[in-house]
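Good morning, and thank you for joining this part of the group meeting.

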Amino acid sequence: MRSMQVLEFGQPLVQTESAVPVPTGKEILLRVKAAGVCHTDLHLWHGGYDLGHGKRLSMAERGVKLPLTMGHENVGMVIAVGDDVRNVKVGDVRLVYPWNGCGHCEVCLAGQENYCLTPCTVGINRPGGYSDHLIVPDERYLVDLKGVSAIKAAPLACSGLTCYSALRKFDQARLQRNLMVIIGAGGLGLMALALLKAMGGKGAVVVEPDAARRQAAVDAGAVAVVDPNAEDAVQQIQKAVGGSVYDVLDFVSNPQTTELGFNVVTKGGHMVLVGLFGGAAPWPLPLIAMRAITIQGSYVGSLGELQELVELIAKENLSLIPVTTCSLDALGQALQDLEQGKILGRMVMTPEA
């Protein structure tokens, strides 16, 4: 088995070789067909998140152990199963739900394993898909692709699911009546535009500093785009929306974007924060109450939501974002390109490339 691993935080990935694992019990062995390169992998690679105020969230302190095989957006073909597996067979191609929990706590039993306090996430707490083989702990984490291609499906496990779950947190009837504001036109922002339309939303004004990405947002269906560095950015956004801004979805979530979102959202409005770019909140605390603003975080999504998302993609034949591919040994360069903002849409690793 060939894998690209983090042996030391912040250092280049290293290609390693090991014996192909043998599945036991409920486990399934997949031959990896596609693995998405996600912005979360940058934080894993560097070993933490910036929390602002000089503080940092350490991956090591959160239980992430090295060596680490990253990769949590995976599609693979079943090549072996444990003795207790009943509902998948050799040759099946499946999307992997990576946000595994303990399976026993209150949130896990309620179908919200992504909120489990003792996660066992594929590609974070257990080996992921930056490899040519992958062990999945239970067949219930395997999602039928419904005819969606492997390369198209892989990003659904994180970026697609993150967008879908975040959009579901807003008042759906209000999204049908009013334009919302989406901050960030990277892979998630572009996905959100397509999903918003498929879910019946009226549309979105996209806020993005990069000109190429603003054009990508226009091409993806944005009603209007605004450069947040413009002196009158707030006024431009409000004019483009056509009145009060009730809903803001922030795929960046740094002090600048969250301040802008706070400044444009109207009284009684709703901000959902998804991005993990880091920093500390800039809001005047009394105004949160005085303006009755809801500020909500959204972290990936549930297994049920991923199943709903795949159904929606298959039914509507959606292509959410542009996808480019790379080989297993090019993952290190892919991470650097992602960090430097050179990737439009999503990079997906295919071991057979």
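A word first on conventions. This is a predicted model, in which local features need pLDDT of at least 70 and side-chain atom pairs count only at pLDDT 80 or more, while totals for chains, interfaces and linings use all residues. Residues are numbered from 1 along each chain as its sequence is written, and side-chain values use heavy atoms, with hydrogens and water left out.

Let us begin with helix α7, which covers residues 211–219. Which residues of α7 are buried? They are R213, R214, A216 and A217. Buried means under 20% relative accessible area, exposed means over 50%, and partly exposed lies in between, with a 1.4 Å probe and protein chains only. Seen down the axis of α7, these buried residues fall within an arc of 155°, so they line one face of the helix. The arc is taken from the directions that run from the helix axis to the C-beta atoms.

Against what do the buried residues of α7 pack? Their partners are α6 (187–198), β11 (204–207) and β12 (224–226). Contact, here and below, means heavy atoms within 4.5 Å. At the N-terminal end, D210 caps α7, with a side-chain oxygen 3.1 Å from the backbone nitrogen of A212. After the helix comes G221, with a positive phi near 110°.

I turn now to the second largest pocket, with about 170 Å³ of space. A pocket is defined on a 1 Å grid over the protein atoms alone, as an open set of points where a 1.4 Å probe fits, with protein on both sides within 12 Å along at least five of seven lines; lining residues have an atom within 4 Å of a point. Grid points are joined across faces, edges and corners, and the volume is the space filled by probe spheres set on the points. The lining includes M1, T69, R126 and H133. Strand β8 (residues 133–136) gives the largest share of this lining, three residues. By class, the lining has six nonpolar, five polar and one charged residues. Nonpolar covers Ala, Val, Leu, Ile, Met, Phe, Trp, Tyr, Cys and Pro; charged covers Asp, Glu, Lys and Arg; the others, Gly among them, are polar.

T69 sits in the loop between β5 (55–58) and β6 (73–81), and is buried at a relative accessible area of 5%. Its side chain makes a polar contact with the side chain of Q5, at 3.0 Å. A polar contact is a pair of N or O atoms within 3.5 Å; within protein, one must be able to donate a hydrogen and the other to accept it, and residues adjacent in sequence count only if both atoms are side-chain atoms. Leaving aside neighbours within four places in sequence, the contacts of T69 include S3, R126, P127, G128 and S131.

The loop between β5 and β6 also holds P67. A cis peptide bond, with omega about 0°, joins L66 and P67.

Strand β5 itself contains L57 and S58. Is each of them buried or partly exposed? L57 is partly exposed, at 27% relative accessible area, whereas S58 is buried, at 18%. Not counting residues up to four places away in sequence, S58 touches G47 and G48, and L57 is in contact with G47, G48, Y49, L51 and R62. A polar atom of the S58 side chain lies 3.2 Å from the backbone nitrogen of A60.

Finally, some backbone angles. Most residues other than glycine have a negative phi, and most peptide bonds are trans. S253 has a positive phi of about 60° although it is not a glycine; S253 lies in the loop between β13 (245–250) and α9 (255–264) and is buried, at 12% relative accessibility. V300, also not a glycine, has a positive phi of about 40°. V300 is placed in the loop between β15 (294–297) and α11 (303–316), and is buried at 5%.

Note on methods. Helix = DSSP H or I, 4+ residues; strand = E, 2+ residues; numbered from the N terminus.
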